[in-house]
Structure formats: C-alpha cells, structure tokens
Amino acid sequence: MKKTMYFCLASAFLLVCVGLLAFLHPFTVVEGNLSYLEWETASIVSPDGTEQPFDVLSGEPELADGEYFRFTTTLPERAGPGTFLIFEVSGARLSVSLNGQELYASSSVLMENTANLAQVTVPLPAGKAGALTMEVQPLVTPLSLFPPLLRTSEDPADAKGSIAYANYYGFPAGAMALSLALVWGLFLFSILNRKTDWRLLLLVLACAGLTLYPIAVGYGSYFFPESWLSLFTWRGIPILSALALILYLCLHRSRDFLRALISLTLWSLGALAVCVVVSAAQDGYLAGYLARSLAALIQTGYYDRLLYWLTVWLVGGCVLLSAWDTVRGLIRVKTEARTLELKNEMAMENYRILERKMREGAQLRHEYAHRLTALNAMYENRDWGGIGRLLTEWTGQNRQAAQVRFTEHFAVNAILQNAAERAENAGIRFEASAMLPRALPIPDEDLCTLFMNLLDNALEGAKQAESEKRFIRLRTSIRNGFLAVFCENSYNGRLSTDQNGKLRTTKAEPESHGFGLILMENIAEKYKSILDVSYTDTVFTVQTALKLPEEKKA
C-alpha cells in the first residue's frame, strides 16, 4: 500500500513539474518571429532597359555607368495589416514596389567609421500574394550586404524575441536564486538547532554560481560595469559550481540520501524519455535539441550549456532532498517527542496500577491479622468447624495474594513482581537480585521509566527465543554512589539496525515503537551515565550505572 502511495505521489510531483516546464517553455522561444524571403530572380538592368540575369550566390557583379540591380520575389499572402517588410541598406539608391506600386525609395551613403547598416522597416498593405520588386543602384562598391536580406515580421522591434531571450536566461537563474535562498535558510536553521550542517554551504556556492553566470552572460553588459562583467562571465564559474556540487555529494554519503537521489534520477530520466517521445511525435523542439544541438555540442567540445543544465538539475534535486530531509527530521522529532510523552504516561499508569495492587495486598494482609483474632476466639470456643472453614478460605486467598518480595524499594519491587508474573505466563525463567534500600534519591518516575522499559524489552526479546532457552536475569544494587543495573535475556539472534548502526525495533509500524532504548538512554544521560548495549548470537545485555544525586540536607 505504501509503495503504491509513493508511486502516486512521485508521479503527481513529476506531472506538475513537467506541466510547469511545458507552460513556461513558449515564453523562452526566440525563433519564429521573422519570415525570410528568397529572391526568385536577379538581373542587371542597362540604361536602355534590357535585363541580364545573374546568380546572386556568385557575389556582387561589376556595373557599368547607368546600370543597376533588379531583384524580384513573390510576397506571401497577408491576412491583414500589421505585417512589415524589413531589410538593410547603406551606400545605395534603392526603391521597393509591390505589384507596380512603389512602397519605399531612398538614397543613403555609408558614413565613415560606422559598422552597422541602416535598417528599413516598411509596413505592408493587407492583401493576397503579390510581386515584390527591389531596384538597387550602388553608390559605393562593394555593398556591405549583397544581395539585400529580405524578411517579413509582425513584430519589427522583436519585442517578443527580446522578452523570450530574457526569459531564457531569467527563468533558470530565478529558480537557482530561490534554491539559494532555501538552502541558506536550511543552513541557518541547522545552526539554530545546534546541528550545523556545513555541507549546505557547498550547495549555497553552487546555487550562487548558477544564478550569477547565466544572467551575466545574457544581459550583464546592460547592468554590470565592465570590470564586474569580465569576472561574472568567467567560464570557470560553471565548473566551480559543478565541483562544489560534486564535493557536496561526496560528503553527503548517507544511504537514505543516495537512495533518494538515485530514485529521483530514475524518475527524472523516465519523465524526460516520455517528453522526448511526445516531442518527437509532434516534431517538437526538445527531440530536435537532443538529436541535433546536443550532438553538436559534444562534437565541438563546447560543454558550457550542457554542463550548466546538468548542474542545475542536480543542484535542484539536492535542494529538494535537503529540504525534504529537514521537514522529515522535524516531523520525526515531533513524533518521537509525542511518542516518548505517551510512553512515559503509559509507564506511570502501569506503575499506578501496580502500586494499587500492592496496596490492596497490604490491605488484605491487614485483614488477615483480624482473622487471626477471630481464629483464636473460635479456638477458645471449640468451634472446630468454623476454624476449618476459615482456614480453608484463608489458605486460598493467601495463595492468590502471595508474591515474591525482591527488594525493600516499593516501586522497583512492584515492577519486578509484575515482570515475574508476565515472565511466568510466557514460560520465561525470571531471576532478579535487587539490593536496594527502601528509599532512593531518584524519583519513582525515572526508576519506572528505566526498569519498565528495560524489562519490557527483555520480555519481548526472550519470547522470541526457543521455549527451553528463555530466560531473564536482572541484578541491581548500590555501589560507590551509583545505582548499578545489569540485565540480560535470551533472544533469537535477529536484530535490525539503521544506516548509523543503531538498533531499531523489529515490530510492525516502527514509527510507533522502538522508543524503549531512547527512553533509557535519556535516563542514563540525566544521571551522568551511558546505556551500554551488547549482544551475542543468543544473549542481549543492557547495563548502566546511574550517579545518585546528593541528598539535600535539611
């Protein structure tokens, strides 16, 4: 059931990611704004009007006095106004006509020390396809651009292309900036919890490089001084970001993290494969990019963009996993705290039940004293039948109430008596030696937490052993100002540990179990000690020595 839930949640997450990418992708497409036209005919026109065709691919021919160039092509159909004809011209006398009607005429000279040509934008009337003619008479030779490059557009200022170009660099840089803020917050949170994770600083450096470099390459010249721009566009920045990420992965080698990263990689590759198949079926951009552009990048050795996108993906995955690990840690701590609280409440409730049972036994023994008086009176009156009935009743009640007294300490004795009864019912041999005084400077709540969890775990482990090998042995005494506790029990030799080698419960739903050792460790730490746990193939041993607090003088 849980695997199905994980699969559904992972699929839903990837579906949203793919949907977001599909939604944002059109905002980054810079191609498609211009439609280029090819000249269908090209000729040299003489002063007498005769035309001599030539091949535009052979270069610019020499002209005699009075000659000029004539280019013709067919202008495609235009649905309505708003389409513009765009071309460049300098150093020539030029005219453009559509279906014999002149649209544009100019005469321009290329100024000295200028590098760019003048761009002409001519609005076209709405209408069907028509014959477009351009006549060019050079004023300087050769022309800077020959033949004129003709194209049409509905957006001559290329505002859409500029926005798309900005988005192309801005979207990933913004994502990395958000990742940087998130990782920095996680790092500060780890400091607050006194568990500083210095490895997160490597992710911060990787995110900083991936935020700065692309935005500086794309639009840094508009916003950064020249000295800063040369630094921010250094091609080593993506490499340093990748190295910081690699170092982070080398330091973050926990089994759970690597398993999650591998799962994320496989899921991402699966999602990418689906997207490529869909793109290929629709002749989309992604399939063409991977088939052509990516291969060209590898062949030419220009790895900047390839390295950038791979690093972005890995950094994003590590940031998500780090955030999820932090959230899961908070949930685990909260769950453990609540479970420990419930465990303590249960322990105290069990102690109160045992205490009530012991007091009921004491009350019953007090009642027996009164019955002795009654028995003596019956004896003096020679009431042999009454004496027999009373003795029979008394013997049965005494058999039910009789319990072994392990120690003078009331709370510990009650716990041991309860454990002995449970062990007897489970067929476990129970041996206990508790050399304790009537009172100890340790609160009964702490003693209950220690001994009840200790014996609960011992009983649970002994039940798993073979019936003839089940045993529990407990020894506790006061030695040199310490409460020494030693407990060993048989078990089946099977244990479960986490990635750090710590023992964990073998019960179903481990989230609700496995806190006995944690509770005992907390008690040991509270009294300046440690909980020593050792085991062989058949015997499990727990021992500690709690430092007894000094009793306050009255």
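Which residues touch the most other members of the largest nonpolar core? They are L416, F430, F451, I472, L483 and L546, within a core of 40 residues. This is a predicted model.

## The protein as a whole

The protein has twelve helices and 17 strands. It holds 554 residues, and 36% of them are buried. The accessible surface comes to about 34,100 Å². Carbon and sulfur atoms account for 59% of that surface.

Among contacts between residues at least 6 apart in sequence, 70% join residues at least 24 apart.

## The cores

Back to the core of 40 residues. Helix α11 gives the most, with ten residues.

F430 shows how such a residue is surrounded. Leaving aside neighbours within four places in sequence, F430 is in contact with F406, L416, A419, A420, A423, L455 and I472. A second core is separate and has 24 residues. Its members include A92, L94, V120 and F146.

## Helix α11

Helix α11 covers residues 444–463, 20 residues in total. At 1.5 Å a residue, it should span 28 Å.

Is α11 enclosed or open? Of its 20 residues, 14 are buried, so the rest of the structure largely encloses this helix.

## Helix α12

Which residues of α12 are buried? They are G516, L517, L519, M520, I523 and A524. These residues cover an arc of only 160° around the axis, so they lie on the same side of α12.

Just after α12 comes K528. This residue takes a positive phi of about 60°.

## W234, a residue in a loop

W234 sits in the loop between α4 (226–232) and α5 (236–251).

Leaving aside neighbours within four places in sequence, W234 is in contact with Y213 and L240. V217 is 17 residues from W234 along the chain. The C-alpha atoms of W234 and V217 are separated by 9.1 Å.

Notes
Residues are numbered from 1 along each chain as its sequence is written. This is a predicted model: local features need pLDDT of at least 70, side-chain atom pairs count only at pLDDT 80 or more; totals for chains, interfaces and linings use all residues. Side-chain values use heavy atoms; hydrogens and water are left out. Helices (H or I, at least four residues) and strands (E, at least two) are DSSP runs, numbered from the N terminus. The expected span of a helix is 1.5 Å times one less than its number of residues. Buried means under 20% relative accessible area, exposed over 50%, partly exposed in between (1.4 Å probe, protein chains only). Contact means heavy atoms within 4.5 Å. A nonpolar core is a set of buried Ala, Val, Leu, Ile, Met, Phe, Trp, Tyr and Cys residues joined through side-chain atoms within 4.5 Å. Accessible areas come from the Shrake-Rupley method with a 1.4 Å probe; for residues, only the protein chains shown count as cover. The arc is that of the directions from the helix axis to the C-beta atoms.
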